[in-house]
Amino acid sequence: KSSRDPTLPTRDPTLPTIAGFIRTCAKDDLLLQYALASLCRFGFPLLSSLTITYAPHEAAALAPLLAKHAWIRAVPSPNDALIQAAVRSISGRNASTAAGKSFFAPGIGYHAQMIDKLTAPELVGHDADFILYFDSDNVITRPLRPSDIFASDGRVRLAAVPYHGSFVSFGKMHENAWRHRTAFALGLPDE
């Protein structure tokens, strides 16, 4: 599947190629819907693509959502299985991939997502000058600008940039606080 949709705005060819990257899981599907809507609306044309990785055993739960967006490059991560094999090899025990059910605390998926982020260039699968990481619970409320990522002298910003409310991160326990306003801001149904 192509990571670029012809309906998305055309990138400025004078800018470096910036690929977006998310590691997600099935339990974050509602949060991911908001993240994807905001990235589609405000991430392009600064982003050249968006790659989403997930545990292969969650493909059936995530496939309907990911299939709605032709511009996403969905990649099942090999890292969950690699961690399982390593745990089995070292301990002789099988480790569950279910969240909270693994003796491999806090769970294989937690560790696999860290490895996915570290190996993102291989998972993105194409040339990109930079990779911009997002979490499933990130929402962008205005168009991304080069100044959000690069300092005025052209260097990549290494520290987080204060966005004064332009970027919002939320969690399940705060869902009622953000859900209605976020749905309204992104023009999504408030389910």
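Tutor: Gladly! Let's begin with pairing: two strands pair if DSSP finds at least two bridges between them. Keep in mind that this is a predicted model. In it, Ala19 has Ile131 of strand 4 as its bridge partner.

Student: What makes strand 1 and strand 4 a pair?

Tutor: The cut-off is at least two bridges, and five bridges join strand 1 to strand 4, so the two count as paired. They run parallel.

Student: What is the order of the strands in the open sheet?

Tutor: The order of the four strands is 3-2-1-4, with parallel pairing. Strand 3 (72–76) and strand 4 (130–134) each have a single partner strand, so they stand at the edges and one side of each lacks a neighbour in the sheet. On average, neighbouring strands are turned by 25 degrees against each other, direction ignored.

Student: Which helix packs on this sheet?

Tutor: Helix 1 (residues 29–42) does, touching strand 1, strand 2 (47–54), strand 3 and strand 4. The direction of helix 1 makes about 165 degrees with that of strand 2.

Student: Why is Leu66 called buried?

Tutor: Buried means under 20% relative accessible area. Leu66 has 3%, so Leu66 is buried. This residue lies in helix 2 (residues 59–67). Leu66 and Asp29 are 37 residues apart in sequence, and their C-alpha atoms are 9.7 Å apart in space.

Student: How do you know that the length of helix 3 agrees with what its residues should span?

Tutor: At 1.5 Å a residue, the 13 residues of helix 3 (residues 79–91) should span 18 Å. The end C-alpha atoms are 18 Å apart, so the two values agree.

Student: Which residues of helix 3 are buried, and what puts them on the same side?

Tutor: The buried ones are Asn79, Asp80, Ile83 and Val87. They cover an arc of only 105 degrees around the axis, which puts them on the same side of helix 3. In general, an α-helix has 3.6 residues a turn, so residues three or four places apart point the same way. The buried residues of helix 3 pack against strand 1 (18–23) and helix 4 (108–118). Exposed Leu82 and Ser89 sit on the face turned away from the buried side. Just after helix 3, Gly92 takes a positive phi of about 80 degrees.

Student: Where does pLDDT stay under 50?

Tutor: That happens over residues 158–175, for which the model has 26 contacts beyond four places in sequence. The protein chain averages a pLDDT of 77, and 70% of the residues score at least 70.

Notes
Residues are numbered from 1 along each chain as its sequence is written. This is a predicted model: local features need pLDDT of at least 70, side-chain atom pairs count only at pLDDT 80 or more; totals for chains, interfaces and linings use all residues. Side-chain values use heavy atoms; hydrogens and water are left out. The expected span of a helix is 1.5 Å times one less than its number of residues. Buried means under 20% relative accessible area, exposed over 50%, partly exposed in between (1.4 Å probe, protein chains only). The arc is that of the directions from the helix axis to the C-beta atoms. Contact means heavy atoms within 4.5 Å. Axes are lines fitted to C-alpha atoms, for helices over the stretch in contact, and angles run from 0 to 180 degrees between N-to-C directions. pLDDT is the predictor's confidence in each residue, from 0 to 100.
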